[in-house]
Amino acid sequence: MDVHAPHEPIHTWKDFLLHLATITIGLLIALGLEGLVEAAHHRHLLHQAETNLRAEMTDNRQKLADDEKLLDRNEQRIESDLGLLSAVKAHQPTSVQLISGWGWDGMGSAAWNTARDTGAIALMPYEYAQGYFVIYGQQGVVNDQAINYERSIYKITEPLKGGRKLADLQPAEIDTMISNSQQALIELDYLRDLCHSLDLIYDHANGKP
């Protein structure tokens, strides 16, 4: 924004006041236009952020529903493996191998991170921003617990590393696998409870914090 000196000499107060008025009006117009551009930019930024957040929340809700089905399936597998391990511990012959495993997709937060980093969250009404904060906070808790759950699944089969079979294990190793399987069920139950809590938060938000 440039302010230029008058091209002609100012001889009277009238000339001075006219020039001052011209400059003032020009500055006000420039500032007004700048404010309109900034406001338009903020509206676009907010609209884009809300669109992305709603799309991501819809995708995350579907991922959560799919992950909860996987938890039910994996719980059955772990319980079946516990029965197998108990049979092996009782010296009952078996050719069956463990079937436990894990499946987890998890929920994304790219839209939330982008909205926060670009300042779009600060442009939202407080109750909307707070609603998104609660949703994504709980999603983070669920994803963190999912990591604990996945690690507990891996610990079950640690004694079988190196291509060992169940028949090759010592009784103490079988006991360790049984204990780790029970711990995995605990981690799974806790993860399921957190998922149910997130379901309730989604329902409360009803797609719009």
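# A walk through an all-helix chain

Read along the sequence, the protein chain follows the pattern α-α-α-α-α. That is 5 helices and 0 strands. The model is a predicted one, and what follows was computed from its atoms.

Start with the chain as a whole. It has 209 residues, of which 34% count as buried. The accessible surface comes to about 13,100 Å², and carbon and sulfur atoms account for 58% of that area. Contacts across the sequence can also be counted. Among those between residues at least 6 apart in sequence, 82% join residues at least 24 apart.

Just after α2 comes Gly119, which takes a positive phi of about 85°.

Next, consider two residues further along. Gln138 has its place in helix α4, which spans residues 126–156. Is Gln138 buried or exposed? Its relative accessible area is 13%, and buried means under 20%, so Gln138 is buried. Leaving aside neighbours within four places in sequence, Gln138 is in contact with Leu194, Ser197, Leu198 and Ile201.

Leu169 is placed in the loop between α4 and α5, where α5 covers residues 171–205. Leu169 is also buried, with a relative accessible area of 10%. Which residues does Leu169 contact, leaving aside its neighbours within four places in sequence? They are Pro159, Leu160, Arg164, Ile174 and Met177. Of these, Pro159 is 10 residues away from Leu169 along the chain, and the C-alpha atoms of the two are separated by 7.5 Å.

Now turn to the charged side chains. A search of the whole structure finds 8 salt bridges. One of them pairs Lys63 with Asp59, where the closest N and O atoms are 3.4 Å apart. Lys63 and Asp59 are 4 residues apart in helix α1, residues 13–89, and this separates them by about one helical turn. Lys63 is partly exposed, with a relative accessible area of 21%. Asp59 counts as partly exposed too, at 39% relative accessibility.

Another salt bridge joins Arg192 to Glu75, with the closest N and O atoms 2.9 Å apart. Arg192 lies in helix α5 and Glu75 in helix α1, so the pair ties together parts that are 117 residues apart in sequence. Arg192 is buried, and Glu75 is buried as well. The two also belong to a network of salt bridges that links Asp72, Glu75, Asp189 and Arg192.

The last pair is Asp175 and Lys89, a salt bridge whose closest N and O atoms are 2.8 Å apart. Here too distant parts of the chain are linked, since Asp175 is in helix α5 and Lys89 in helix α1, 86 residues apart. Asp175 counts as partly exposed at 33% relative accessibility, and Lys89 is partly exposed with a relative accessible area of 44%.

Methods
Residues are numbered from 1 along each chain as its sequence is written. This is a predicted model: local features need pLDDT of at least 70, side-chain atom pairs count only at pLDDT 80 or more; totals for chains, interfaces and linings use all residues. Side-chain values use heavy atoms; hydrogens and water are left out. Helices (H or I, at least four residues) and strands (E, at least two) are DSSP runs, numbered from the N terminus. Buried means under 20% relative accessible area, exposed over 50%, partly exposed in between (1.4 Å probe, protein chains only). Contact means heavy atoms within 4.5 Å. Accessible areas come from the Shrake-Rupley method with a 1.4 Å probe; for residues, only the protein chains shown count as cover. A salt bridge is a side-chain nitrogen of Lys or Arg within 4 Å of a carboxyl oxygen of Asp or Glu.
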